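Reader: I have a two-chain model to read. Please take me through its features one at a time.

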Amino acid sequence: MSALLEVEELRVAYGKFEAVRGVSFAIEPGQVVTIIGPNGAGKSTTLLATIGLLPSKGRLSFEGRDFRRLDVEARVAHGLSLVPEKRELFGNLSVLDNLQLGAYSRGESARAMRDSLREVFDRFPRLEERKSQLASTLSGGERQMLALGRALMSRPRLLLLDEPSLGLAPLIVREIFSILQTLRRSGVSILLVEQNARAALELADYAYVMEIGEISLAGRAEELIGDERIVSSYLGGVFADEKPAAIARG
Amino acid sequence: MTRPAFRIVLGVLAAALAALPFVVGGFAITLLNYVGIYALAALGLVLLTGMGGLTSFGQAAFVGIGAYASAYLTTAQGLPPLIGLVAAVATTGGVALLLGAVTLKLGGHFLPLSTIAWGIAISLLFGNIEALGRHNGIANIPPVSVGPVSFFTAESMYYLVGLTLAGAMWLSSNLLDSREGRAIRSLRSGAAMVESLGISVFRTRLAVFVIAGIFAGISGWLYAHMQRFISPAPFELRTGIEYLLMAVAGGSGHILGAVVGAALITFLKSVLQDVLPLLTSNSAQLEIVIYGCLFILLLQYARGGVIPFILRLAPKRRAPPPARITGVLPKQDRSAPDATMLEIVAVTKRFGGLVAVNEVSLKLRAGEILGLIGPNGAGKSTLFNAITGTDKPSSGKIVFRGRDVTHVPARKIAALGMARTFQHVKLRPNMSLLENVALGAYLRSRCGFLGGALRLARAEEAAIRADAMRQLERVGLADRFADLAGNLPLASQRLLEIARSLAADPVLLVLDEPAAGLRRMEKEALASLLHRLREEGLTILLVEHDMDFVMNLVDRLVVLDFGSKLAEGPPSQIRANLQVQQAYLGVAA
Amino acid sequence: MNLEIAGILAQDGIANGAIYVLMAIGMVMIFAVTRVLFVPFGDLSAFAALTLASFQLGRMPATVWLVVLLSALATAAELLRIARKREWHAAHKSLALYLVAPNAPVLLTLLLAGESMHAAAEVVLSIALVVPIGPLLYRIAFRPLADAPILVLLIVAVALHFAVSGVALLFFGPEGFRTRPFVSGEIAIGEVVVSMQVALIVVSSVVFSFLFFVVFEKTMAGKALRATAVNRIGARIVGIRPFRTGGLAFLLGSALAAISGILVSPVATFFFDSGFMIGLKAFVGAIVGGLASYPLAALGAIFVGLLESYSSFWSSAFKEILVFGILIPVLLWRSLAFAQVEEEEEELDEVET
């Protein structure tokens with residue numbers, strides 16, 4: 001079974017600062033993989049390098065295709081989609097416009113567009129209620145939904161999520177994660193970067209823990225829940241200088 | 001090239017320049033005169049744009065003001081040219097002051113746009129005022145005369161222009177090496193950094209704007225009395241962009257860049273004026289097309305200009321370390337009433353509908369190290385900005401050393417004894433470590449612009465440098481004092497920023513994620529430095545994400561979550577606190 | 001000044017303003033999408049006017065040589081980029097865009113110039129010749145500087161203006177030209193009598209402004225342009241390439257500039273440098289609109305037209321000074337409104353390497 005996404009020895013630097021120092025992971029089709037860890041660990045950087053918004057070194061292949069030479073727009077056209085940490089919505093456009101632009105890379109016919117919109121609105125009824133409103137007038141939770149809906153419009157084969165719970169009240173986080181559960185059941189592969197370790201581990205199949213630019217722990221999500229080492233990684237204790245246990249694929 | 005050899009080359013060059021009029025013909029001398037005059041105007045732009053980061057398209061208008069002021073007074077009013085010089089300086093300085101006061105508060109691209117606006121407006125004025133001869137200009141301008149000596153030959157002007165330019169370069173060089181000069185050079189790091197050092201961005205910008213204007217005015221004076229005739233044409237926007245081209249082509253980051261650039265462009269003009277008529281009957285038009293294309297290519301491929309290439313040939317000047325002098329700079333008053341250094345009372349910050357910080361209160365005791373932590377989005381940076389004066393809270397009170405500083409700007413808070421570092425290090429990469437640290441001592445010194453240009457405060461300057469050296473020693477970077485800050489690795493850059501903060505002799509040091517991007521050993525070194533500083537009497541407040549770093553460093557922790565204070569206490573207590581764990585690790589979905 | 005004169009001046013002002021409206025909208029659009037303050041906008045209008053004048057005089061407009069040169073430079077730049085990135089599979093697209101498309105009107109012109117053409121054909125060909133210049137300039141001058149600070153882009157734009165107007169002087173000489181009006185006669189609206197050409201200008205401005213709004217509100221391409229303007233990263237992650245939208249913005253802007261020039265050329269005498277002045281005045285209008293709002297930019301442009309008209313009544317010499325002087329308080333006012341939102345503290349270390 002060939003992996004959907006394979007990343008090997010990824011290195012990303014901001015000027016002098018090496019934020020990601022040789023990270024390797026893989027995602028199988030239909031799998032939900034999460035990268036958790038404290039702030040500043042390099043998780044978002046890893047995601048941004050995967051979609052191509054940041055330059056990186058190392059190997060990166062998607063569905064067997066070498067992605068390193070492709071720019072962001074090409075990667076998106078090949079089936080990757082990102083829900084960024086800062087949402088990056090088009091505030092001056094309506095909810096509907098934002099969603100339609102999400103399908104831009106597919107160049108769809110009007111009918112196909114209608115079908116995709118229908119699917120998204122079924123998942124996010126609140127967005128349908130607000131479809132003519134400007135994106136800038138939405139609440140935090142609604143914006144997150146819109147960002148997610150927009151990413152889904154391109155019918156991605158791999159969905160990348162950057163800290164979806166950020167800045168959201170616990171109730172909304174719950175709502176978002178239950179939507180992610182239904183997504184998962186419908187077979188969408190997901191790479192989820194999250195600070196909220198508990199929610200992420202409950203959703204995912206497989207998990208990697210990142211600290212200071214490196215992976216310090218890896219394993220099946222259900223086995224890592226409650227692992228004391230994770231508490232240490234967030235609140236002090238384990239140092240990334242200790243090499244992690246062998247990273248087996250789930 | 002070795003040092004003695006370099007000196008000999010310089011000496012020979014200087015002698016050659018002085019002897020030139022005896023060797024070379026009149027045309028070449030005249031050309032050099034123009035180079036000198038343009039270089040003076042370009043020098044103003046090097047200071048303004050290269051050092052101060054303010055792009056101006058209107059330098060030619062100021063040259064025109066100087067030229068017309070003197071031309072008018074020496075022809076219509078029959079006054080001597082030296083009075084014309086005074087008038088040129090006074091009018092350009094005055095107009096620059098006025099224009100600057102109005103437009104320098106504009107940020108981003110609005111400022112250069114405004115220079116286009118008044119650049120055109122002023123040059124149009126020249127052509128429309130009756131007393132200035134309208135489009136015919138002013139003729140029969142007398143040559144400069146000092147007593148019996150009259151500068152009407154090209155050779156005599158050569159020396160006048162040369163000495164004036166040399167004088168301006170000397171003054172500029174002195175200024176840039178002094179307290180206010182460092183302030184000018186810091187402008188490019190952005191208002192937040194500059195104001196955090198107690199420097200007024202507006203005042204510094206205005207000063208360098210006026211200086212650039214005055215240099216242009218003097219250039220105009222020389223121009224008028226050399227050509228003996230002026231018209232509105234040479235003072236239009238088109239010439240303004242030629243001056244900018246000179247500064248950029250020569251190298252806008254260096255004083256010599258003005259001369260090199262002026263020489264390059266003037267010689268280019270001269271060559272084009274010879275060659276182009278052979279190719280086409282429209283040579284004058286083609287000239288400006290060539291300049292335009294040249295400028296664009298320059299900006300795309302060699303924005304630093306020619307000088308950086310030349311500098312690579314020069315020897316590395318091994319500057320001697322500053323002399324050790326003790327305590328000439330005033331120290332901060334260290335007394336804090338009732339040992340509460342900083343008190344935050346029910347501070348709230350709203351951005352539109354979002355409450356970023358919600359009624360947070362905390363007390364920072366003198367001599368302690370307090371850590372402010374919390375998950376991403378908890379409101380730490382917002383609170384941090386409120387404390388340092390970068391932003392104002394929506395409600396609540398902040399009291400620093402017994403004074404209410406809630407609505408006090410960052411500059412004044414710095415003067416009260418708070419120094420800060422930045423999450424993304426803000427240093428001057430092209431200044432040495434010593435100079436970067438010396439920047440921090442701005443509030444402890446007093447030398448002004450004039451004093452700096454005339455080297456009047458050497459004792460104070462020596463004291464500043466000695467103090468800066470001491471701070472470098474404190475952080476362990478003393479042996480690299482002459483290196484350029486841009487060449488340091490990140491960890492050293494963070495230490496350098498701390499050294500700069502220490503140069504202000506603060507009572508409270510506020511650090512923004514100082515450990516970000518550091519490796520384990522570097523963090524240990526940083527932690528021991530901070531402990532040492534605390535022992536020497538400093539109070540420290542830091543915002544941090546790195547829990548390992550923080551747990552072993554601070555006396556107390558304050559945890560924020562969703563804008564509110566979640567917990568407060570010693571590290572071990574916080575570590576074990578279940579609510580804190582939940583805040584960090586997240587709620588089950 | 002009595003009411004009648006005030007009325008005539010107002011008419012004049014609005015007619016002038018209508019000219020500036022199209023340009024102002026074009027400048028705002030280009031800035032919004034590409035962060036470039038396209039100063040040479042007015043020069044392109046002048047080029048269009050002068051090109052049409054050449055056709056009408058039975059001469060070959062030298063504009064073709066500019067297009068050929070720019071096309072060659074852009075193609076070379078593209079080939080270099082393709083070679084470096086080894087994207088040869090996309091080469092045909094680049095060639096179509098930068099080599100074939102711009103030179104099609106050139107070929108037509110070479111074939112037809114000197115022959116007598118239908119007036120409409122002359123107009124269309126003039127526009128077709130000038131339209132490629134914008135995107136070609138974008139490719140050659142601005143795209144390599146896509147991440148440069150706005151100030152550098154501004155300097156480049158100003159430098160370009162001098163280059164372009166210098167070329168105009170080379171090609172067309174220092175004389176002024178006025179083209180034959182498309183429509184003759186006059187039209188009376190109540191007591192006011194207006195030449196048909198002026199009426200045409202006003203009507204066209206309204207029509208094109210309307211078309212413009214429709215494109216931006218109703219088409220995907222238009223929305224993609226607006227999206228890129230407000231969020232470059234967001235655009236990229238849905239597959240919109242900012243360089244494409246940049247090129248498109250310049251194409252539309254170029255077209256607007258050309259159309260403005262053609263519309264105005266029967267009414268005003270165009271010299272090689274007329275474009276700059278007109279462009280700058282339109283620009284004042286754009287600034288009034290905060291460089292972000294199309295309706296406000298249009299209003300600002302009309303305001304400038306009226307200001308010019310009334311101040312020329314007092315003194316024609318000082319009217320230009322007034323218009324540019326006004327820019328300063330407008331900038332101040334706008335920067336206050338703009339301040340916190342747009343102005344990030346840019347570290348300017350990029351300007352010197």
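Author: Start with pairing: two strands pair if DSSP finds at least two bridges between them. Helices (H or I, at least four residues) and strands (E, at least two) are DSSP runs, numbered from the N terminus. This is a predicted model: local features need pLDDT of at least 70, side-chain atom pairs count only at pLDDT 80 or more, and totals for chains, interfaces and linings use all residues. Residues are numbered from 1 along each chain as written, chains are lettered from A in written order, and side-chain values use heavy atoms, without hydrogens or water.

Reader: What is the bridge partner of B:E343 in β6(B)?

Author: B:V399. The strands involved are β3 (residues 340-351) and β6 (residues 395-400) of chain B, antiparallel over five bridges.

Reader: What is the order of the open sheet in chain B?

Author: In general, strands of a sheet pair through backbone hydrogen bonds, either parallel or antiparallel. Here four strands run in the order β4-β3-β6-β7 (chain B), with antiparallel pairing. β4 (354-365) and β7 (403-404) of chain B each have a single partner strand, so one side of each lacks a neighbour in the sheet.

Reader: Which helix packs on that sheet?

Author: Contact means heavy atoms within 4.5 Å. Axes are lines fitted to C-alpha atoms, for helices over the stretch in contact; angles run from 0 to 180 degrees between N-to-C directions. Helix α14 (residues 380-388) of chain B touches β3, β4 and β6 of chain B, and its direction makes about 125 degrees with that of β3(B).

Reader: Now chain A. Is strand β9 mostly covered or mostly uncovered?

Author: Buried means under 20% relative accessible area (exposed over 50%, partly exposed in between; 1.4 Å probe, protein chains only). Six of the six residues of β9 (residues 206-211) of chain A are buried. A:Y206, A:Y208 and A:M210 lie on one side, with A:A207, A:V209 and A:E211 on the other.

Reader: Which strands pair with β9(A)?

Author: Strand β3 (residues 32-36) of chain A is parallel to β9(A), over four bridges. A:I36 has A:V209 as bridge partner. Strand β10 (residues 214-220) of chain A pairs with β9(A) in the antiparallel sense over six bridges. There, A:M210 stands opposite A:I215.

Reader: How much area do chain A and chain B bury between them?

Author: Buried area is the accessible area (1.4 Å probe) that two parts lose on being put together, summed over both. Chain A and chain B bury about 2,600 Å², 57% of it on carbon and sulfur atoms. The contact takes 29 residues from chain A and 27 residues from chain B.
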